[in-house]
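Student: I am new to this structure and would like to learn how to read its features one at a time. Could you take me through them slowly, giving the general idea before each case?

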Amino acid sequence: MKMVEVKNVSYSFDENTSVIGDVSFDVEKDEFVSLIGPSGCGKSTLLRIIAGLIKPSGGKVLYMGKKVEGTNNGMSFVFQDFALLPWLTNLENVKLGCSGLILSEKEAEKKSSVLLDNLGLTGFENSYPNVLSGGMKQRVGIARALVSNPRVLLMDEPFSSLDELTAETLRSDILYHLKNKNLPVNAVVMVTHNVEEAIELSDKVVILSKKPSKVSAVRTISLKRPRNKRGKDFLSMMDFVYATLAK
Ligand code: ADP
Ligand code: MG
């Protein structure tokens with residue numbers, strides 16, 4: 001079953017700046033898809049189009065067969081820079097993710113608190129984002145995205161503002177939680193410019209060209225998990241992605 005279909009999407013900010021040329025790909029159920037491409041090729045713009053935050057100039061996006069028009073549609077977004085509101089507590093930040101749901105204040109609070117617990121932030125409910133490290137802030141960002149029970153999780157370079165050790169821990173925690181049957185997430189689309197990260201996490205990598213971007217290649221990655229980053233197949237996949245990006 002197709003969770004998301006990106007069909008001939010193009011995007012221009014104005015008539016002189018075409019950012020996304022013509023991009024099509026599918027996201028199947030239970031698939032973790034990475035979008036990888038050079039800086040400025042329109043990855044963030046494309047992810048926002050998928051989320052319904054921006055309207056494409058051409059083409060369309062389908063979510064479970066239905067055209068995406070606006071947000072609150074079963075997909076949620078994790079931002080590169082966390083996008084937490086500093087004047088709200090961590091719990092209140094997560095609760096913001098409930099705004100599209102019909103929940104009482106109490107239920108929203110309970111749900112948000114459970115997610116903070118699951119993501120290792122027990123005891124930080126009533127403190128503010130400024131006391132948290134980068135990795136912890138992103139955990140709040142991820143909790144806020146998950147609290148609405150999304151079926152598709154969209155993540156824009158979620159680990160790129162973290163140091164490598166923090167990123168590594170968070171990546172494996174996220175994979176663990178995504179496999180947790182209590183979460184209804186059926187698919188993930190992650191933007192990254194980190195080739196190793198893309199191959200470590202993904203079932204499929206969509207490689208974009210420089211702007212106006214097109215799909216240069218799509219590769220399915222069937223290496224078994226946890227993946228050995230020094231293994232022959234892993235390294236040859238890395239070579240392929242680098243070579244495609246360099247074209
Ligand atoms: P990526 O995430 O791949 O780095 P973005 O989607 O952020 O790329 O941006 C794609 C391109 O669009 C960049 O070259 C950027 O300079 C340009 N861009 C982004 N926002 C605007 C805007 N508001 N007006 C015009 N150009 C923009
Ligand atoms: Mg970007």
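Tutor: Let us begin with residue classes: Ala, Val, Leu, Ile, Met, Phe, Trp, Tyr, Cys and Pro count as nonpolar, Asp, Glu, Lys and Arg as charged, and the others, Gly among them, as polar. By these classes, the shell around ligand 1 holds 4 nonpolar, 5 polar and 2 charged residues. This is a predicted model, in which local features need pLDDT of at least 70 and side-chain atom pairs count only at pLDDT 80 or more, while totals for chains, interfaces and linings use all residues. Residues are numbered from 1 along each chain as its sequence is written, chains are lettered from A and ligands numbered from 1 in the order in which they are written, and side-chain values use heavy atoms, with hydrogens and water left out.

Student: Which residues surround ligand 1?

Tutor: A residue is near a molecule if one of its heavy atoms lies within 4 Å of it. Ligand 1 is surrounded by F13, V19, P38, S39, G40, C41, G42, K43, S44, T45 and K211.

Student: How is a nonpolar core read, and which residues of the largest one touch the most other members?

Tutor: In soluble globular proteins, nonpolar side chains tend to be buried together. A nonpolar core is a set of buried Ala, Val, Leu, Ile, Met, Phe, Trp, Tyr and Cys residues joined through side-chain atoms within 4.5 Å, where buried means under 20% relative accessible area, exposed over 50% and partly exposed in between (1.4 Å probe, protein chains only). In the largest core, of 33 residues, F32, L153, M155, F159 and I174 touch the most other members.

Student: Is F82, with its positive phi, buried or exposed?

Tutor: F82 has a positive phi of about 70 degrees although it is not a glycine, and with a relative accessible area of 11% F82 is buried. M64 also has a positive phi, of about 45 degrees, without being a glycine, and M64 is partly exposed at 31% relative accessibility.

Student: Which residues does a cis peptide bond with omega of about -5 degrees join?

Tutor: Such a bond joins K211 and P212, and the bond from R225 to P226 is cis too, with omega near -5 degrees.
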